[in-house]
Amino acid sequence: MKMTCEESRMSINYLIPNKETIEAIRQAREENLEKFKTIEDLMNDLNSNNQQD
């Protein structure tokens with residue numbers, strides 16, 4: 001993508017996060033989010049939430 005932008009002279013700064021990413025970062029920093037020790041623990045939690053719906 002960087003090469004394409006440079007070749008077509010497009011000015012896109014791909015290092016600046018968009019609004020949605022900035023909001024997700026803010027929420028992660030400010031809210032008490034659940035933490036998991038392993039990916040397996042995370043996946044088990046996600047799957048258990050799907051089964052309750």
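Here are a few questions and answers on the fold, a helix and the surface.

User: What elements does the protein have, and in what order do they run?

Analyst: Keep in mind that this is a predicted model. It has three helices and zero strands. From the N terminus on, the order is α-α-α.

User: Does the span of α2 agree or disagree with its 12 residues, and what is the distance between its end C-alpha atoms?

Analyst: Take 1.5 Å a residue, and the 12 residues of α2 should span 16 Å. That agrees with the model, where the end C-alpha atoms of α2 are apart by 16 Å.

User: Which residue caps the N-terminal end of α2?

Analyst: Look for a side-chain oxygen by the backbone nitrogen of Glu20: there is one at 3.2 Å.

User: Which residues are linked in a network of salt bridges?

Analyst: Glu23 meets Arg26 at 2.5 Å, N to O, and Arg26 meets Glu30 at 2.4 Å. Both pairs lie in α2, with Glu23 and Arg26 three residues apart and Arg26 and Glu30 four apart. The network is therefore made of Glu23, Arg26 and Glu30.

User: Is Glu30 buried or exposed?

Analyst: The cut-off for exposed is over 50% relative accessible area. Glu30 has 56% relative accessibility, so Glu30 counts as exposed.

User: Which residues make the nonpolar surface patch?

Analyst: One member, Phe36, lies in the loop between α2 and α3 and is partly exposed at 31%. The patch covers about 430 Å², and its residues are Phe36, Ile39, Leu42, Met43 and Leu46.

Terms used
Residues numbered from 1 in each chain as written. Predicted model: local features only at pLDDT ≥ 70, side-chain atom pairs only at ≥ 80, totals over all residues. Heavy atoms only, no water. Patch = residues over 30% accessible without salt bridge, like charges linked within 9 Å, V, L, I, M, F, W, Y side chains within 5 Å. Areas by Shrake-Rupley, 256 points an atom, 1.4 Å probe, with all protein chains shown as cover. Salt bridge = Lys/Arg side-chain N within 4 Å of Asp/Glu carboxyl O. Helix = DSSP H or I, 4+ residues; strand = E, 2+ residues; numbered from the N terminus. Buried < 20%, exposed > 50% of the residue type's maximum accessible area, 1.4 Å probe, protein only. Expected span 1.5 Å × (residues − 1). Polar contact = N/O pair within 3.5 Å; in protein donor to acceptor, adjacent residues only side chain to side chain.
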